[in-house]
Amino acid sequence: MPLSMSRPAVAALSAAALALALAACGETVNPQRSTNIAEVVNQDPAVTGANIGSLSEAIRANPNDARAYNTRGAAYARTGNYRKAIDDFNQAIRLDPNDAAAYNNRGLAHRQTGNSQAAAQDFSSAITANPNYAPAYIARANLRRAQNDLTGALSDLDNAIRLNPESAEARHSRGLVYQRQGSHAQAVQDFSSAVDRNPFVAAPYAARGQSELALGRNDKALEDFNAALNVNNKLADAWAGRGLAQEKLGNVQEARSSFNSALGVDPNNEIARAALRRLGS
């Protein structure tokens, strides 16, 4: 990346290379396991290091560029260096106190470090800075859901969908709230909307499979868990959900195989372990 990086180029990189994602994955068969905090996007460390180096050069050339700090903070987050990431987000906010993305990114980094109170404050600050910034509503909703504030989470996600009706992430997150409330038919609708908008993510398929199981639609649940595993075969809960669907359909041997596959990914998967005890394996 050249030293004379333009402000539009930095902005584009910031949008394209944010290392923090609102992860709605993981909360499939066992909705209590995942809190849906931010996840770090995997990238070649050499590429990330080069990005950080180029951004550091850009900051030295223009130390008042808030977006460069915000983008470098995201790059640090890719490496799991949340202290440096938060330092950069702090600097971005100091230079531009109305930067909703920087507040949101800092909130996501705070969630990764377990500081939920600071994260909540940052998500709210992002919304204050820009009431039309949908990612902050999604981030705050995921935190509220983790804290069992389901009413607040639904309100935030309704706002996010109003602002960005095509957001698969918002639909998925709202489905998880409905799922937590036991409103599985509504959850299935939102998970289906998420899949329609982005069919290349495993989590909405797996989450929909869970709700289909709850509704007794075991054939559809099995289809969804298979679809999730076609996208990502390293999801232990999806393997476990597949096993539950197969067991309910009377395919005990196939169920055992799925439960063992779940344990191959996560030896501590309680659903699979309990199922194999139940099946005498």
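Predicted model: local features only at pLDDT ≥ 70, side-chain atom pairs only at ≥ 80, totals over all residues.
**Exercise 1. How do helices α3 and α4 run relative to each other?**

Solution. 
- Step 1: Locate the pair. Helix α3 spans residues 66-78, and helix α4 spans residues 82-95.
- Step 2: Take the geometry. The two axes come within 8 Å and cross at roughly 165 degrees.
- Step 3: Use the cut-off. Angles over 145 degrees count as roughly antiparallel. α3 and α4 are therefore roughly antiparallel to each other.
- Step 4: The crossing of α3 past α4 is left-handed.
- Step 5: List the contact. From α3 come A66, Y69, N70, R72, G73, A74, Y76 and A77. They meet Y82, K84, A85, D88, F89, Q91, A92 and L95 in α4.
- Step 6: Sort these residues. Ten are nonpolar, three are polar and three are charged.

**Exercise 2. Work through α5 and α6. What is their crossing angle, and which residues make the contact?**

Solution. 
- Step 1: Helix α5 takes residues 100-112, and helix α6 takes residues 116-129.
- Step 2: Their axes cross at roughly 165 degrees and come within 8 Å. That makes α5 roughly antiparallel to α6.
- Step 3: α5 passes α6 in a left-handed crossing.
- Step 4: On the α5 side, the contact uses A100, Y103, N104, R106, G107, L108, H110 and R111. On the α6 side, it uses A118, A119, D122, F123, S125, A126 and A129.
- Step 5: By type, the contact has eight nonpolar, four polar and three charged residues.

**Exercise 3. Examine N148. Where is N148 found, and what is its phi angle?**

Solution. 
- Step 1: N148 sits in the loop between α7 (134-146) and α8 (150-163).
- Step 2: Its phi is near 70 degrees. This is a positive value in a residue other than glycine.
- Step 3: The relative accessibility of N148 is 52%, so N148 counts as exposed.

**Exercise 4. Which stretches does UniProt list as "repeat: TPR", and how much helix do two of them hold?**

Solution. 
- Step 1: Read the record. The unreviewed UniProt entry lists residues 66-99, 100-133, 134-167, 168-201, 202-235 and 236-269.
- Step 2: Check residues 66-99. The chain there is 79% helix and 0% strand. The end C-alpha atoms are 8 Å apart.
- Step 3: Check residues 134-167. The chain there is 79% helix and 0% strand. The end C-alpha atoms are 9 Å apart.

**Exercise 5. How many helices and strands does the protein have, and what share of its residues is buried?**

Solution. 
- Step 1: Count the elements. There are 15 helices and two strands.
- Step 2: Take the burial. Of the 281 residues, 52% count as buried.
- Step 3: Turn to contacts between residues at least 6 apart in sequence. Of these, 52% join residues at least 24 apart.

Technical notes: Residues numbered from 1 in each chain as written. Heavy atoms only, no water. UniProt positions renumbered as here; feature names shortened; annotations may be inferred. Helix = DSSP H or I, 4+ residues; strand = E, 2+ residues; numbered from the N terminus. Buried < 20%, exposed > 50% of the residue type's maximum accessible area, 1.4 Å probe, protein only. Axes fitted to C-alpha atoms, helices over the stretch in contact; angles between N-to-C directions. Parallel < 35°, antiparallel > 145°, perpendicular 65-115°, else oblique. Left-handed = near helix turned anticlockwise from the far one by under 90°. Contact = heavy atoms within 4.5 Å. Nonpolar A, V, L, I, M, F, W, Y, C, P; charged D, E, K, R; others polar.
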